[in-house]
Amino acid sequence: MNWESWILSGFVATLSLSTLLVTSQGLRLTRMNVPYLLGTIITPERERARLYGFLGHLINGWIFSLLYVYIFEARHMVNWWFGLLLGLAHAMVLLTVGMTLLPSIHPRMATERKGPSARRQLEPPGFMALNYGYQTPISVFIAHAAFGAILGSLYHLH
Amino acid sequence: MFASIYRQESAILGFSLNAMANNSPDLESTDFRSYPEIGDYAVIGDCRSAALVSKYGWIDWLCWPRFDSPSIFAALLDRERGGFWRISPIGPFSIEREYLDGSNVLQTKFQTSGGVVTLTDLMPVRDSIRLLMVPDHEIIRRLSCADGEVEIEIELAPRANYGETIPPIRDCGKLGIRIDNGHGVYWLRGDASFQIANSSVLARATLRAGDTLSFSFSYTENAPAVLPPVEHLAERVETCIKWWENWTAQLKYDGDFQDEVMRSALALKLMIFSPSGAIIAAPTTSLPERIGGDLNWDYRYCWLRDASLTIRALIELGFWAEATSFLDWMLHATRLTQPQLRILYSLYGNQPPKERTSKVLRGYRGSSPVRIGNAARDQLQLDVYGEVVDAAAQFAFHGGELDREMQKALLGFGDYVAKHWDSPDQGIWEPRTNPRNHTHSRLLCWTALDRLISLSEQGKLKRAPLDEYKTQAEAIRQQIQLRAWNENLQSYVSELEGEKLDSSLLLLSWYGFEKADAPRMRSTYRKLRERLSTPEGLLYRSEDLPPEGTFAICSFWEAEYLALGGGTTRQARELIDTLTKYRNDLGLYGEEIDGNTGQALGNFPQAFTHVGYIGAALSLNQREKGEQQLAHRPESATPQPSNTKQES
């Protein structure tokens, strides 16, 4: 594996992913505030949660790009459209499996079955995160497709 | 304390509201489909947005996330299409209501033939709950039954975007009721069993002595939304009350009318947009200045012309944080247009939206159109320069420090005024007519230069072109004395070489142009009383404007003029006493007072009117204690008007 190339391409792709998700909220495509969603796993305090969540998402995305790179190396193929396809698959898993499991993982997220409690007060995302706006899946697909495409474009095989 | 008696007659959305017979001979009828009086409203808020609650328990006005956002409840402007949130007993009831001491937490007590239930309404202030996970914007309503048994009905009819959109409502089980408005989502939670019908949320409950019911209605544009547990709402009500008590504990005022001054300060605080420090004129749009008329304007923006009196009120009451934020906002948020100033700005210093009229809302008691945005944004009003400079001068004279950027901005304003003071403008009352040479605008141009000279001579402002400022200030002074004084009338007049009067002439003393006891001011005051006063002692603002109510701030200017030396302290006190009677039962004022009925008119509540009350009380108190009045002008930088010296 080309570690040097991974560090650079993984960082750029993750930064783009975070930027696109934040931008899509700013453009009102979605209400989903990813930094807040992730940061509240660590702290209930709003401002700190946003900071922790942003950093967490950055690190998480960087690490996750290792999986993409592993697939590139395993298939001996790397280009933007292959990366884009991986990104779309990634988004699909995230929206279906990830979002369904999130209330079980997130310590501050309420469940539809039990409702909010003193500790769990956050609205669950629902199927495909549609609770966070009906265009949320679109923005997640676009951001992850861009993540994969950028990674596919910038990464050089070992 | 207000007490009145009503009975619901209407059948709304399938519920028969005549279920209970009128058992008590004390309980009378009213039609809930009719509009309450403007003065029947209370305001609650979180220093970001505000809601108007009628004395019947209806929330008839709410815009989220900010004061100037589209409404979700606007029954204030259209009973059928506007949207509302009602919590009230079924059957006849009498009402008492009050704000809890030192707070903006409203309590309405409903007495029915079966018992007594108290409704507490508030919007939690975010500063008080910074460390917790709480909704971005929220209204908490809490019912508690003190005696007997009371059947309660709850109805929430969301109508988004000024009644133009009926948002989808979904019952999400234990999570609550979800109302999705596209870019934002509302959540209703509570410990009642909700039903959804006819695009509204309905519930009924019977409360017995000791029972409570709590509701949270919240809004966010950030997901995931925070869904507060209902069982914690009582605790959060207490936290909010404490936050308000701590805020009012800063009040430094020990004169007469203390309760009224505190209520005015609390009302003013609700109109301060805390993220930026901007102060809106009022939280509503299009409440009419004349019932059935078209004098309906959107006041949910920040007018710079209110700056000077507002800063003085905040500083002298001890609210330095609010005064500093407001000054910062004025001098920094207006950077894009400096040295020119617009007359009004949005909450973050942008230009307010273009004015449009609602195609859906029919207006309060048919007073149409309902306007959104304000066309005055394109007007020229030269008085705003004096207001902003005077506000900064008061801040400095009271011990505040003007940093380099502030000084640079002030010098920019000074240069602009020195070049443009002789131009016609629309003037303080914003008539939608051609520009004219308004005396008040000239006065404020003089004030701007006068304060800059004072600041410079006291070393609080560097590099001011003093000679130029003095030359131009003297030229303005001479113009006002020669051309704004009408020898035939023996009065200052509203326009140069004019014949008509205007209550803003009372401010000639406030800004230090003429002493209040100067012969010209006394004579002008007599003429104003003659032409613009009602038998009850209220003042209309101008002879030039279409028929409307009396303008409340003008009466406070009069009281302050008397307190500054234009009359005796007894006269000033009597006038403040008289004006106090025109507050509503909670101590709130609108923009205007109907000269015939005494009812509030115009947008409600009005920051400027409450600033006027505070100013009049401060000046009266200072005079009675022999303290210096109007510290914004510790000494005259330019010579006192020569006629004053001669005539004195």
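## Burial and overall form of chain A

A residue is termed buried if 20 or more other C-beta atoms, placed from the backbone, lie within 10 Å of its own, exposed if 12 or fewer do, and partly exposed in between. In chain A, 43% of the 158 residues count as buried. The model is predicted: local features need pLDDT of at least 70 and side-chain atom pairs pLDDT 80 or more, while totals for chains, interfaces and linings use all residues. Residues are numbered from 1 along each chain as written, and chains are lettered from A in the order in which they are written.

Chain A has 5 helices and 0 strands (DSSP runs of H or I, at least four residues, and of E, at least two, numbered from the N terminus). The C-alpha trace of chain A spans about 50 × 30 × 30 Å along its principal axes.

## Packing of H4 and H5

Two packed helices are described by the angle and the distance between their axes. In chain A, the axes of H4 (residues 80-105) and H5 (residues 136-154) come within 6 Å and cross at roughly 145 degrees; axes are lines fitted to C-alpha atoms over the stretch in contact, with angles from 0 to 180 degrees between N-to-C directions.

Among the residues of H4(A) that meet H5(A) are Trp80(A), Phe82(A) and Leu95(A), and the H5(A) side includes Pro137(A), Phe141(A) and Phe147(A) (contact: C-beta atoms, placed from the backbone, within 7 Å).

## A loop glycine in chain B

Gly210(B) lies in the loop between strands E15 (200-208) and E16 (212-220) of chain B. Gly210(B) is exposed, because 9 other C-beta atoms lie within 10 Å. Gly210(B) and Ala146(B) are 64 residues apart in sequence, yet their C-alpha atoms are 5.9 Å apart.

How values were computed: Two residues are in contact if their C-beta atoms, placed from the backbone, lie within 7 Å.
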